[in-house]
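Colleague: Hello! I am new to reading protein models, and I would like to learn how to do it one feature at a time. Could you put one up for us to look at?

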Amino acid sequence: MKKSLYLSLLGMITLTQTSFKKIPPGSRYATAHTYHILIEKKRYLMHLFDSSGERIVTYPVVFGNKDLGDKMMQGDRKTPEGIFHISLKRRHDKWKAFLAIDYPNADSYRKFNERKARGLIPATAQIGGGIGIHGTWPREDFVIDQYQNWTEGCISTKNVYIQEIFGLLPVGTSVEITQ
């Protein structure tokens, strides 16, 4: 009798202490398909969605070139447009964290080669790379509030925000960058 009472009590405690909510942020169970990022260049916003399509949070961001056009070639300081994926995550001494995206990808090369063929960029131009999402220089989060585009083509947000998403988003997360 005591044993069955003990087991029943233990079962009730276990059931009441178990969470049936979504996987918590940064959980080891998050996969590349758990989240999706949408970056709207014209609105200076980065939205984070869960796998059901529900927006979780929106962060302010800035870019490189002020005209906000699609990246044409290396050195133009423009942020590429298209669908990419986080390819690498690493801590960064100056920008707190860096989430590299897989630019250039096959679509990037297709657009780059078309633009070269049409004479929109020099025949000697290179496509570039090293694009990612990162924080700001130390104590310079104000550039985000003032919409000061300062990067070489990356996406920059406040250091507190990059720390949040660095801990949350796994490698492989899709990143859509639109005009």
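Colleague: Let us start with a helix: which residues of α2 are buried?

Modeller: First, a word on what you see. This is a predicted model, where local features need pLDDT of at least 70, side-chain atom pairs count only at pLDDT 80 or more, and totals for chains, interfaces and linings use all residues. Residues are numbered from 1 along each chain as its sequence is written, and side-chain values use heavy atoms, with hydrogens and water left out. Helices (H or I, at least four residues) and strands (E, at least two) are DSSP runs, numbered from the N terminus. Buried means under 20% relative accessible area, exposed over 50%, and partly exposed in between, using a 1.4 Å probe and protein chains only. In α2, the buried residues are Ser108, Lys111, Phe112 and Arg115. Down the axis of α2 they fall within an arc of 100° (taken from the directions from the helix axis to the C-beta atoms), so they line one face of the helix.

Colleague: What do the two sides of α2 meet or carry?

Modeller: The buried residues of α2 pack against β4, with contact meaning heavy atoms within 4.5 Å. On the face turned away from that buried side sit the exposed residues Ala106 and Ala117.

Colleague: And what is found at the start of α2?

Modeller: There, a side-chain oxygen of asparagine 105 comes to within 3.2 Å of the backbone nitrogen of aspartate 107.

Colleague: Which residue does a cis peptide bond join to proline 104?

Modeller: Start with the general idea: most residues other than glycine have a negative phi, and most peptide bonds are trans. Here a cis bond links tyrosine 103 and proline 104, with omega about 0°. Tyrosine 44, in the loop between β1 and β2, has a positive phi near 55° and is buried, at a relative accessible area of 15%. Leucine 68, in the loop between β3 and β4, has a positive phi of about 60° and is buried too, at 10%.

Colleague: Now the sheet: in what order do the strands lie?

Modeller: Strands of a sheet pair through backbone hydrogen bonds, either parallel or antiparallel. We say two strands pair if DSSP finds at least two bridges between them. In this model, eight strands form an open sheet in the order β3-β2-β1-β8-β4-β5-β6-β7, with mixed pairing. At the edges stand β3 and β7, each with a single partner strand, so one side of each has no neighbour in the sheet. β4 and β5 run antiparallel and are joined by six bridges; one of the pairs is isoleucine 86 with isoleucine 101 in β5. β2 and β3 are also antiparallel, over five bridges, and methionine 46 stands opposite tyrosine 59 in β3. These two strands form a hairpin with four residues between them, where glycine 53 in the turn has a positive phi of about 95°.

Colleague: Finally, which residues touch the most other members of the largest nonpolar core?

Modeller: In soluble globular proteins, nonpolar side chains tend to be buried together. A nonpolar core is a set of buried Ala, Val, Leu, Ile, Met, Phe, Trp, Tyr and Cys residues joined through side-chain atoms within 4.5 Å. The largest one here has 33 residues, and Ile37, Ile39, Met46, Ile133, Leu169 and Val175 touch the most other members. Its largest share, four residues, comes from α4.

Note on methods
A polar contact is a pair of N or O atoms within 3.5 Å; within protein, one must be able to donate a hydrogen and the other to accept it, and residues adjacent in sequence count only if both atoms are side-chain atoms.
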